[in-house]
Amino acid sequence: MTSISSVALENQQLLSPTWRLTPGYIEDSGSDVESVHILLGRFLTDRDSADPLPEKELFSEDGQFEWGYAQPLEKTIASESDLNFLAQCPNLFRNAISIIEPWEHVGMNDLGEEVRASKNVAFMAQKIADCDSILFPVWSTGTFDLNKVVPIISSSMAVVLEGGKPSVHDSAQWTKPNCSRDNMFALVEKLLLSRSPRSAPAIFICVSHQLAAECHIRLLRQAVKAVLDTEILKRDEGGEALASLKAACEKIKSVGENLKIEKRDGRIVAQGWHDDNFAVVLNEEKEVGDRVLLPYKTPKQNDSSIPIELLDTHEVMADELEGVIDNAILRYENDINIAMFHSDEVNEEAILFANWAYMTLHNAIVPHRYTVAASPLSWLLQMPYAVEILASTEANGEILTECSCTCINYKDFETKKIRRSFTCQFHPELLSDLRDIGKRSAPSYAELKQSDGMRLLARLLYEGMQE
């Protein structure tokens, strides 16, 4: 393991004497990226194999499983000094999952309990792969300096952004004084632009799934404005690069401004990409409890008012790329029962539009990427290549949430390799009782192996770590 500097060690002793200085908790020899990946793969192999790790209690001696209370949940970034210490210890964050909480809980279950689902992510990762977790409770601390914190969390094994109570389309519900809705938008936008060949995959859950959807639209509006406001690009002979980019952006702007969001009952809930409800809106029904995930089906042209170019582009992209969750439904797990816990939904039209717009912009950049790379527009190279809707949920025989999960694809301009992040409206980390671990008893390895949600979360981590 990489040693920690004497300065960092001295700071750590002053800061938090309970922090472990090497990764791993269950196995005495510790853990690292390779061992975690192997153990995730072992977990996914079948549903009945024995736990390969030694038995070790993850709850504290007095029966607690709470962030910051005891190992293995001691790594909570509660202050700037915590973050500064972590920054000096790359061995800790490179061999851990970073978990971001936008809110103190993800909702109330039928027992009247606040559900802090981040603990379930940490328990699952530690129990099946001896993978540490580091919590960033930004609802309490704020998002810190994004230029400092995002490189740290993007260098971890994976980033999991949890759910929360407020609605993305209503700024008044974001009442935490240290973390406004705009703060979360800025963090999510920064993460969406930080998926590089050496960065961690991100998994956006519930309200973070909705934040990602809104930020797709915000980033596209920013990109279009940046291009259309540019008068000249240096070394753009004949102005061909800028003319091509402007033509693409004019088209994106026109479709975005005129696209309407229509619900199944015919209601128009948003008109154009500046509407607060364009990306996220109140669902027809609140979804709480187990739902079956169904593979997403792109609407037929004759049954939809969505522009055909958006529908066709999604079909072509889905045929080209692999989304993991759709394969999990069709190839690995058959029917997947998953825990839903939400009142809002991401609009299908908004994601079909974002996918088409991203691909349109990417394809316009390709022949001029050398010019763009050496210009103030170079940040456009960091944007996603495509967004695929992977699955839907149904209730009473009808589709209720069309866009229940997505795969955000990034395509390298030179190697053409694909990297992925994922978003889920559902909570794969919650078991069917919708309780957080700590309020309920600790599930066994065998119980986790039978949970469709936990298996799906493990698969997203396993697949994402390979990229």
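Reply: The largest nonpolar core has 88 residues. Such a core is a set of buried Ala, Val, Leu, Ile, Met, Phe, Trp, Tyr and Cys residues joined through side-chain atoms within 4.5 Å; buried stands for under 20% relative accessible area, against over 50% for exposed and partly exposed in between, with a 1.4 Å probe and protein chains only. The model is predicted, so local features need pLDDT of at least 70 and side-chain atom pairs 80 or more, while totals for chains, interfaces and linings use all residues. Residues are numbered from 1 along each chain as its sequence is written, and side-chain values use heavy atoms, without hydrogens and water.

The residues with the most contacts inside this core are Leu86, Ile100, Phe136, Val188, Phe353 and Met383. Leaving aside residues up to four places away in sequence, Phe353 touches Ile217, Leu220, Ile252, Val255, Gly256, Leu259, Trp273, Phe278 and Leu310 (contact: heavy atoms within 4.5 Å).

Next come the rings. Across the whole structure, a search finds eight aromatic pairs (rings of Phe, Tyr and Trp, the last by its six-membered ring, with centres within 6.5 Å; stacked under 30 degrees between planes, edge-to-face over 60, tilted for the rest). One of them joins Phe353 to Trp356: the pair is tilted, with 6.0 Å from centre to centre and 40° between the planes. Both Phe353 and Trp356 are buried. About one helical turn separates Phe353 from Trp356, because they are three residues apart in helix α13 (residues 348-365) (helices are DSSP runs of H or I, at least four residues, and strands runs of E, at least two, numbered from the N terminus). Trp273 and Phe278 belong with Phe353 and Trp356 in one aromatic cluster.

Phe59 and Phe65 make a stacked pair, 5.3 Å centre to centre with 20° between the planes. Phe59 and Phe65 are both buried.

Some rings have a charge over them (NZ of Lys or CZ of Arg within 6 Å of the ring centre and within 35 degrees of the ring normal). The charged end of Lys176 lies over the ring of Trp103, 4.8 Å from its centre. Arg455 places its charged end over the ring of Phe43, 5.8 Å from the centre.

Phe43 is among the buried residues of α2, together with Val36, His37, Leu39, Leu40, Gly41 and Leu44. Elements covering these buried residues of α2 include α5 (118-129), α15 (445-450) and α16 (452-465).
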